[in-house]
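Have the structure open as you read.

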Amino acid sequence: MSDTASGDQAYRFESVPGVRESLRKVDYLADEGIAGVVYLADRLGKPVLIEGPAGTGKTQLAKSVAEMAGARLIRLQCYEGLDESKALYEWNYKKQLLRIQAERNDGTTWEELEDDIFSEEFLLTRPLLEAIRADEPVVLLIDEVDRVEVETEALLLEILSDYQVSIPELGTVQATQVPLVFLTSNNTRELSEALKRRCLFLHVDYPDLEREREIVLAKVPGVTESLADQVARIVRSIRQLELKKPPSVSESIDWARTLLLLGVDQVDAATATGTANILLKYQSDITKAVKEFEQDTSLGGDAAGAAAGAGAAKPWQRNA
Amino acid sequence: MPNDVALDRADRSDRRLAEIGAGVALTELLSGFIVELRAAGLPVSLTENLDAMAAVQHIPLEDREAFKYALAATLVKNAAHWRVFETVFEVYFSLRGREFALTDDQMAQLPDLDELMGELAEQRDGERGAGGTGEQLTPEELAEMLYKALAQGNEAMLKALARQAVRRYAGMEPGRPVGGTYYLYRTLRNLDLDGVLDRLMQQARDSVAQPLTSLEERLERDEYEARIDQLRKEIEAEIRRRLVADRGVEAMARTLRKPLPEDVDFMHASREEMASLRKAIYPLTRKLAVRLARKRRHGRKGPLDFRSTMRHSLSTGGVPVEPQFRYPRPSKPEIFVVADISGSVAAFARFTLHLVYAISHQFSKVRSFVFIDGIDEVTRMFEGIEDIGEAVHRVNTEADVIWVDGHSDYGHAFEAFWQRWGKEVGPKTTVLLLGDARNNYHASQSWVLKEMQHRARHVYWLNPEPRSYWDTGDSIIGEYTTFCDGVFECRNLRQLEGFVDNLV
């Protein structure tokens, strides 16, 4: 497997810090783990399966890598009911029919005709086939792969492990070059072992405080450092509550934009509760967060600590 | 000092390892590592093993973090397994740090940090004009430095202090057969981190002119808590390092082995494990729902519909060419959950309630009852509430389940159930009984179950105790088993999942 990858082609990336640096240039702030896996994906010639909560930049990673490598991004959006003809290839029936009609009078034999209509000319390529037939560098993004049924996953296996597609009438189409492949999953269901085995696994979680602040700074033009810092800290605090859907990075960015538009530069409890609907997407979550903040205001002082303590166990007490 | 003996041994084993050729050592090390991962329950296949070997060749070995991520990307394919992986990694590569990384910060910077600490201590001495050298910090001085380091968020200092604290308070002796948790507890007890947090907060309040708003206060607290958590991790790592040095890698890997989330025993889960279990339960319910939906969709063929087949045969002159089938009517079972929520099995009951409610839209009706020695219906507490956690909390606080003394009395609870709701149990009902059947030597009243089994479609019992404990002491599960359609051991998520899967 790694042979096909390393083959005679040169590696795209020099080193892990190099990857990190170039990603930063296209405004994607990768941490050590993310950069490391992207680097390994290139070196080992293996696809990357990215998993994690929604809105943490899984799809964006593929886009940014494409931008950074100067490659074309080919995207396959997965959905329930996706099949071969949408993912791999399809025969162009209309064109085939035309050809048959046109040649009816020429006296060509059936065999010749059959050979003819099942040639590449009549093949409609779909994203997967297109990705491996491309001459220029490409990045293939298979988005939300957990949405297809388990049976459909099997379609992907051949292309993921050997970078080839077998078409019964034509034979096997080999990749002209090994594309970088990213699969994303929201983990709504367990993916099959076969698929996981073929991929490098990358779990993208909510970023830590520092990184979130940097992301907000990078993605929201005009935001001040202190506002970014407050946004990151408040978001971290909210994530510690037990919520249905904790705020993700994209939501913190939206929130920072909102605050910027409102001309806020010092976030207080009132502003936070007033704009909580940007951060949280469920009414029950919003109620909870607002309650949490209001509790603080009404009781103040030590009660705030008690509320925080109730929301999440004090970390150092867990095992003691 | 006995601790230093352990460290000496660590040094020696380091040197010995360094002498071995890096290539051979690495391959061996990795296979040992993978064997341990498998022993901990991670499914590592041969291809993944090979991938890991290939991956580390592309990674500069002196970069410990990169090395870790390279292994993780190739070997761990499930985010829930990350913690287990991390523990094994830390054990396996804690002493080998120096072999891979000459610049391993923790090892190499140690002397500097000791100096740093000495200096700081002297400063303090100067300020106070009291005696004492950097070597013999008094506990108060150590606490003071800890406080300073936390206030400034000085990571290097925290690391050094964690070492110092372990050396001083953990009382580790080579060969002493106690676990790491014990040492951790001893160290933390001496550090009084709660007190430190209070002091930090007080200081934060004092440092600004106007009083902190509650939001600011909260944020400050989060920040300090994060730092203290960091300190705790450092202390844990230091204890682990010393234990590994003392007992050897394989032995430590065995003792520190953590179960995967799906194998964590409900009854003995730590608070941290509980949290991860709660997280794991949502994907589980989604998975079950998807599987259910698929079953419904695929099972499109019911039994032969004779009448319809005959009608269709008219067009073919009475020859039934095209057999017609009935549409399947998937049974939508009603579920009655009757759960013991007394202290001994509360954690388990809570999880089962979580699970049942999360998939409740798959069933036409789910009703739940909780009991200790009295019984109460709690279905309404789940209605219209999106947050299951809150509902469970309400159940635990509001349900009227105490009849006499608040000790489990299955017999009375069942009797009361039968009197009040017995008529509503019908042929579509599946009754799920949850509990350990430890009846405190009360009467069993097993006739209720007999009646129940007679009237209901199924009666199942889930017991969170290991099978070997059944029918010991005051457990009378055997007596109830006679009248159940199935009694299952249900100690972890894996078993629970298996049960629900069969149920639907």
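In chain A, β6(A) and β7(A) make a hairpin, with three residues between them. The two strands, β6 (residues 164-167) and β7 (residues 171-174), run antiparallel and are joined by four bridges; strands count as paired if DSSP finds at least two bridges between them. A:Gln164 has A:Gln174 as its bridge partner in β7(A). As for naming, helices (H or I, at least four residues) and strands (E, at least two) are DSSP runs numbered from the N terminus.

Keep in mind that this is a predicted model, where local features need pLDDT of at least 70, side-chain atom pairs count only at pLDDT 80 or more, and totals for chains, interfaces and linings use all residues. Residues are numbered from 1 along each chain as its sequence is written, while chains are lettered from A and ligands numbered from 1 in the order in which they are written.

Axes here are lines fitted to C-alpha atoms, for helices over the stretch in contact, and angles run from 0 to 180 degrees between N-to-C directions.

| Helix pair | Axis distance | Angle |
|---|---|---|
| α10(B) and α11(B) (residues 180-191) | within 9 Å | roughly 105° |
| α10(B) and α13(B) (residues 214-247) | 9 Å | about 55° |

So α10(B) and α11(B) are roughly perpendicular, whereas α10(B) and α13(B) are oblique to each other. The cut-offs: under 35 degrees is roughly parallel, over 145 roughly antiparallel, 65 to 115 roughly perpendicular, and the rest oblique.

Where α10(B) meets α11(B), the α10(B) residues are B:Ala165, B:Val166, B:Tyr169 and B:Ala170, and among those on α11(B) are B:Tyr183 and B:Arg186 (contact means C-beta atoms, placed from the backbone, within 7 Å). That contact has six nonpolar, two polar and one charged residue. For these classes, Ala, Val, Leu, Ile, Met, Phe, Trp, Tyr, Cys and Pro are nonpolar, Asp, Glu, Lys and Arg charged, and the others, Gly among them, polar.

The α13(B) contact includes B:Leu158 and B:Lys159 of α10(B), and B:Glu234 and B:Ile235 of α13(B). By class, eight of its residues are nonpolar, one is polar and four are charged.

How confident is the model? It scores ipTM 0.79 and pTM 0.72. Chain B has a mean pLDDT of 75, with 76% of its residues at 70 or more; pLDDT is the predictor's confidence in each residue, from 0 to 100. Within chain B, confidence is lowest in α6 (residues 97-100), at a mean of 41, and highest in α20 (residues 410-421), at 90.

How values were computed: Two residues are in contact if their C-beta atoms, placed from the backbone, lie within 7 Å.
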